[in-house]
Amino acid sequence: HHAKRREKSICSYTQTMRHALQRRQRMTERLSAAITEDQLELYFQPQVNLTSGRLTGAEALCRWYDAEWGWVSPSEFIPLAEERGLIRILGDWVLKESARQLLAWRNQPRGGLPGRLSINISAQQFADPELPRHIAHLTAGVSPSAISLELTESDFMRDPDQAVEITHTMRQAGYALAIDDFGTGYSSLSYLRRFAADALKIDISFVREMLENKNDRTIVQTIIAMANALEMKTVAEGVETLNQANLLAEMGCNEAQGYWFGRPLPADKFAAVWLNT
Ligand code: C2E
Ligand code: MG
Ligand code: MG
Ligand code: MG
């Protein structure tokens, strides 16, 4: 009866696999429709200076509410979009909508978003040699000086030589560049220097336990020292407590993002809280 049990577990395994595949297939179809029918939404999370507490910018984060599934996490639909060839149209929508929002915010009492809006870019978008022109076209009316592009460290390292080239072109055009999820992507110091990025975003996984875990604290301190040496600024991700914020400020980290300062919000709420007074 062991054999029988094994048979049953193999059976339910293939069934689970089949369900997962079906869900991904249906999700691809629904995501594709959501993009073309303008059903995605951008949320905005504040970025603040750790010394002054002032708003230095915001990050645009894509949101998808599906009628059947409810909120689907970007950690699920962004990799799916990358895998199923939807990331370019999704990325185009994000760029266009970001620009529309930046222009709309200029009518706020305080006169728009200070600093830059950070926009996440996938490796496949970044691989396009026409990217600078493409972005300029999609964000017409918005100065490159109002935009920072975020690419994860692992995406940078997929084709580092190409990344070096594109980062220089983007910088020359006036865009800022940030290396996202830094500390998880195994880049070497020599590439880091050649990437010419403006900022390193310290990955949330090191920030999360930096008060309790000495190794994580050391990694954070090392990233800050490295960024200083390369004349890049540091932005800590996922700051959830005052103690984390204080320690990061003490360590010389420049900016932070996280629930302690503010959750990602829809555009109107973000403006009400952050752009009005
Ligand atoms: P990311 O670019 O590293 O964005 C930061 C993530 O951390 C966001 O997750 C944000 O909601 C979350 N976060 C911020 N503060 C805290 C905090 O204090 N605690 C915790 N636990 N989390 C915090 P989100 O919005 O779920 O996005 C996940 C990832 O999906 C992003 O990571 C980014 O890689 C990707 N993504 C989101 N929007 C886009 C987009 O428009 N285009 C592309 N290519 N990728 C996107
Ligand atoms: Mg990001
Ligand atoms: Mg990140
Ligand atoms: Mg991430």
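Me: Are F44 and F270 buried or exposed?
Reply: This is a predicted model in which local features need pLDDT of at least 70, side-chain atom pairs count only at pLDDT 80 or more, and totals for chains, interfaces and linings use all residues. Residues are numbered from 1 along each chain as its sequence is written, chains are lettered from A and ligands numbered from 1 in the order in which they are written, and side-chain values use heavy atoms, with hydrogens and water left out. Buried means under 20% relative accessible area, exposed over 50% and partly exposed in between, with a 1.4 Å probe and protein chains only. By that scale F44 and F270 are both buried.

Me: What is the angle between the planes of F44 and F270?
Reply: Rings of Phe, Tyr and Trp (its six-membered ring) pair if their centres lie within 6.5 Å, and planes under 30 degrees apart count as stacked, over 60 as edge-to-face and the rest as tilted. F44 and F270 form a tilted pair, 6.2 Å centre to centre, with an angle between the planes of 50°.

Me: Why is the pair of Y191 and F195 called stacked?
Reply: Both residues lie in helix 8 (residues 189-195), 4 residues apart, about one turn of the helix, where helices are DSSP runs of H or I with at least four residues, strands are runs of E with at least two, and both are numbered from the N terminus. The ring centres of Y191 and F195 are 5.9 Å apart, and the pair is stacked because the planes stand at 20°.

Me: Which residues donate to the magnesium ion (ligand 2)?
Reply: Donors are N, O and S atoms within 2.8 Å of the metal (3.2 Å for Na, K and Ca), and because water is not among the atoms, sites may look incomplete. The protein donors lie 2.0 to 2.3 Å from the magnesium ion (ligand 2), and they are E59 (OE), N120 (OD1), E150 (OE) and D180 (OD).

Me: Which residue coordinates both the magnesium ion (ligand 2) and the magnesium ion (ligand 3)?
Reply: Along the chain, the donors of the magnesium ion (ligand 2) follow the spacing E-x60-N-x29-E-x29-D. The magnesium ion (ligand 2) and the magnesium ion (ligand 3) are 4.4 Å apart, and the residue that coordinates both is D180.
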